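I'm opening my notebook on this one. I'll write down what I look up as I go along.

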Amino acid sequence: MDNVSDPTSSSGKVQIKWIKNELSKLNPKEPLVVFTHRPLFDLIPAWDWATKDGSKVISLLEKFENVHVFYGYINQINYKNDGKIKHHASNSLIF
């Protein structure tokens, strides 16, 4: 998903509607992998390490039993476990 093109650091209403529609086609018991640029949660908002409407996306993902979200904006190793949702970041490939 694109959470970097919007200048407000958001996913935006149109994309959230699209995500909701696409997720409705899936079985909540199947594993789900999501790729984003910024983290969906507020890691360090002052550094723009967040997605302003990320909580709306997370609420859609919470319906699934096994979700992995990979993001790269911070270019360092970071893990967060929200129960069913595991957030992962790693070092940049350029370092």
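**Entry 1: T51**

Which backbone oxygen lies 2.7 Å from a polar atom of the side chain of T51? I looked it up, keeping in mind that this is a predicted model. It's the backbone oxygen of P39. Next I checked where T51 sits, and I found it in the loop between strand 1 and helix 2. Is T51 buried or exposed? T51 is buried, because its relative accessible area is 1% and the cut-off for buried is under 20%. Then I listed its contacts, skipping neighbours within four places in sequence. P39 turns up there again, along with R38, L40, F41 and D42. The list also has N3, S9, S10 and S11.

**Entry 2: helix 1**

I moved on to helix 1, which runs over 13-23. Which of its residues are buried? I noted down Q15, I16, I19 and L23. Why do they end up on the same side of helix 1? They cover an arc of only 100 degrees around the axis, so they share one side. A reminder to myself: an α-helix has 3.6 residues a turn, so residues three or four places apart point the same way.

What do these buried residues pack against? I found strand 1 and helix 2 (54-61) there.

**Entry 3: positive phi**

I went looking for positive phi values in residues other than glycine, and I wrote down D48 and N75. For D48, phi is near 70 degrees. D48 lies in the loop between strand 1 and helix 2, and that is also where I found T51. D48 counts as partly exposed because its relative accessibility is 24%.

For N75, phi is about 55 degrees. Where is N75? I found it in the loop between strand 2 (67-71) and strand 3 (78-82). With a relative accessible area of 35%, N75 is partly exposed too.

**Entry 4: K29**

Last stop: K29, in the loop between helix 1 and strand 1 (32-36). Is K29 buried or exposed? K29 counts as exposed, because its relative accessibility is 60% and the cut-off for exposed is over 50%. I also checked K29 against I85, C-alpha to C-alpha. They are 13 Å apart in space and 56 residues apart in sequence.

Key. Residues numbered from 1 in each chain as written. Predicted model: local features only at pLDDT ≥ 70, side-chain atom pairs only at ≥ 80, totals over all residues. Heavy atoms only, no water. Helix = DSSP H or I, 4+ residues; strand = E, 2+ residues; numbered from the N terminus. Buried < 20%, exposed > 50% of the residue type's maximum accessible area, 1.4 Å probe, protein only. Arc of directions from axis to C-beta. Contact = heavy atoms within 4.5 Å. Polar contact = N/O pair within 3.5 Å; in protein donor to acceptor, adjacent residues only side chain to side chain.
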